[in-house]
Amino acid sequence: MRMRKITTARCLAAALAACFIMTGCSTSGDAPFGSPLEPATSGKTVRIYTDEEIEKRIAEVGAKYDGIYNNMDEFYSMLSGAQQKSATNGIRSYTYEMANEACGAADTYAGPTVPYEPFVQDGNWNTENYNNIKESGFLSVSANPFSTFGADVDTAAYTNLRRSIFENDGYGISDSAIRIEEMINYFHYDYEAPADGKKFGVTTALSECPWNKDTLLLRVGVKAEEIKPEKGSNIVFLIDTSGSMFDSDKLPLAQKAFSILTENLTEDDTVSIVTYAGSEEVALEGAKGSDHGRIREAIGALEAWGSTNGEGGIKKAYEIAEKYFIKGGNNRIILATDGDLNVGISSEADLIKLVEDKRETGVFLSCLGFGTGNYQDSKMEALADYGNGNYSYIDSSAEATRVLKDEMWSTLYTVAKDVKFQVEFNPEQVKGYRLIGYENREMAAEDFANDKKDGGEVGSGQTVTVLYEVVPVDSSFEVSGVESRYEANKPVISFPTGESEELLTVNIRYKEPDASESTLLTYPVTKDMIESEMDDDTSFAAGVAEFGMLLRKSEYSGSASYKEIYNRLKVLPGVMDDDFKAEFLFLVKKVSE
């Protein structure tokens with residue numbers, strides 16, 4: 001929620017992220033201009049754009065989201081009566097006095113007045129909460145030869161950051177909200193698909209780091225197998241209908257999001273809807289996925305009111321999910337909330353314990369975040385991580401379409417759980433390294449082979465991208481190390497004559513969705529794999545990482561600049577044909593101005 005003056009003419013359109021509830025926003029399709037298709041290095045064909053066309057394309061894509069956040073009144077006339085009521089409810093998230101002054105009289109409200117749940121603390125309207133992140137620094141290989149962490153395919157940090165940048169009247173965003181791995185993994189990359197029945201296709205690339213001439217940039221790209229559940233999906237929509245969800249970028253947008261998801265459900269699927277406010281309620285139970293009208297009717301009837309008993313809602317959702325459990329199918333709860341829980345269990349630690357116990361049922365928990373002002377990112381991230389699900393932030397119906405329609409099975413169907421990475425560096429060839437991002441996913445080296453330790457979940461066809469700065473032994477870049485009195489007695493690493501020397505080895509562990517034991521995959525990276533130039537995917541991922549580092553004012557950003565990112569990425573093949581990548585460049589340009 002944003003603290004602002006609301007005029008009578010705008011009273012129903014305040015905070016109107018619901019502007020896209022009716023219109024939607026397609027982000028697919030060909031670009032409207034560009035020269036005839038020409039071959040790209042990947043073997044595919046891409047358009048070649050002039051500088052003028054590039055600037056026009058970026059401006060047009062960026063204008064879509066500028067419209068969402070800063071020119072919302074024009075969309076009000078497109079809303080239905082029910083949606084106008086939801087927009088009206090958004091006003092009531094302030095106080096009675098403010099809403100009454102804005103709208104002129106209490107009888108302008110749809111329904112009883114003052115059902116709001118205030119979240120102002122000491123006069124501060126921004127009570128958003130994020131887990132603190134301490135950026136990873138360079139580590140000495142002699143002291144830390146293993147880098148171990150859980151996979152992360154969440155994208156919430158990027159869309160939340162996008163919201164903050166586009167909201168000219170919004171609050172800034174905490175450095176801890178800038179999770180670089182989620183920014184990188186928001187985008188699609190042209191990675192090798194799995195072959196020969198394998199779970200993953202894995203590609204590695206090694207080249208000079210664009211912001212540090214004394215280090216190398218390692219990219220590890222993983223693409224999961226693309227499959228759909230053979231026995232259908234059992235899905236529970238768990239929707240926060242408390243008073244804090246009144247804003248039109250909260251419950252009304254959540255309703256739109258679930259309506260979009262409903263479009264792709266079939267008679268093989270089962271849908272239930274559980275809501276929670278002061279108490280939990282079952283709005284729909286065991287409906288066929290093909291009964292779209294009934295599902296949408298139940299979604300459309302929801303209204304926000306009262307306090308937030310998230311604990312009761314979560315327990316009820318698991319109870320319903322277990323009741324309709326499909327053995328061998330896709331069983332998942334999708335939680336839609338701003339994360340502002342205030343009744344029952346509400347601490348992050350207690351919520352983690354709750355979902356850790358419940359995930360043993362085989363039901364996965366994914367989270368969709370909504371709204372601003374009181375957004376509780378730390379709780380949302382924890383619920384998804386420990387509930388074996390993924391976490392997205394929905395800032396518009398365009399994003400809802402991307403997450404719940406265009407990438408439905410990546411979002412909803414897990415093909416590998418507890419996915420962990422462990423990169424082992426060869427001290428004879430590498431003296432230091434820095435993992436970029438994944439700070440809240442790091443784990444002890446011993447936990448890599450411990451199947452009781454939780455990792456990340458990867459959905460059908462999803463990609464995971466990992467970046468490292470690598471410091472070769474002959475680099476002038478200094479890495480603080482340690483000395484050992486036993487160093488002289490360490491075994492000498494040698495390689496067979498005629499073989500390339502290994503710099504490092506990428507190890508991946510994962511479990512099948514219903515398995516308890518993990519499988520190990522191993523991929524060596526050798527000196528002869530170093531390329532003189534970055535490939536297109538590495539270049540784009542590096543640009544996103546640079547952007548995140550600059551926003552965080554990272555001490556490791558080196559020579560990175562917004563101008564360099566913009567100029568390098570805008571000419572990469574295919575970037576202008578991808579709305580999301582073109583939009584990213586709009587953000588880079590907007591921040592730099």
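**Exercise 1.** Find out how many residues of helix α12 (residues 397-406) are buried.

*Solution.* Start with the terms. Helices are DSSP runs of H or I with at least four residues, and strands are runs of E with at least two, numbered from the N terminus. Buried means under 20% relative accessible area, with a 1.4 Å probe and protein chains only. Now count: 8 of the 10 residues of α12 are buried, so the helix is mostly covered by this definition. Among them are Glu399, Arg402 and Leu404.

This is a predicted model: local features need pLDDT of at least 70, side-chain atom pairs need 80 or more, and totals for chains, interfaces and linings use all residues. Residues are numbered from 1 along each chain as its sequence is written, and side-chain values use heavy atoms, without hydrogens and water.

**Exercise 2.** Work out the strand order of the open sheet of 6 strands.

*Solution.* Two strands pair if DSSP finds at least two bridges between them. The order is β9-β8-β7-β10-β11-β12, with mixed pairing. The edge strands are β9 (280-288) and β12 (391-393), each pairing on one side only. Next, take β7 (residues 233-240) and β10 (residues 330-337): they run parallel, joined by 7 bridges. Ser233 stands opposite Asn330 in β10.

**Exercise 3.** Identify the residues that touch the most other members of the largest nonpolar core.

*Solution.* A nonpolar core is a set of buried Ala, Val, Leu, Ile, Met, Phe, Trp, Tyr and Cys residues joined through side-chain atoms within 4.5 Å. This core has 69 residues, and the answer is Phe200, Phe237, Phe421, Tyr468 and Ile508. Helix α7 (residues 251-262) gives the largest share, 7 residues.

How values were computed: Buried < 20%, exposed > 50% of the residue type's maximum accessible area, 1.4 Å probe, protein only.
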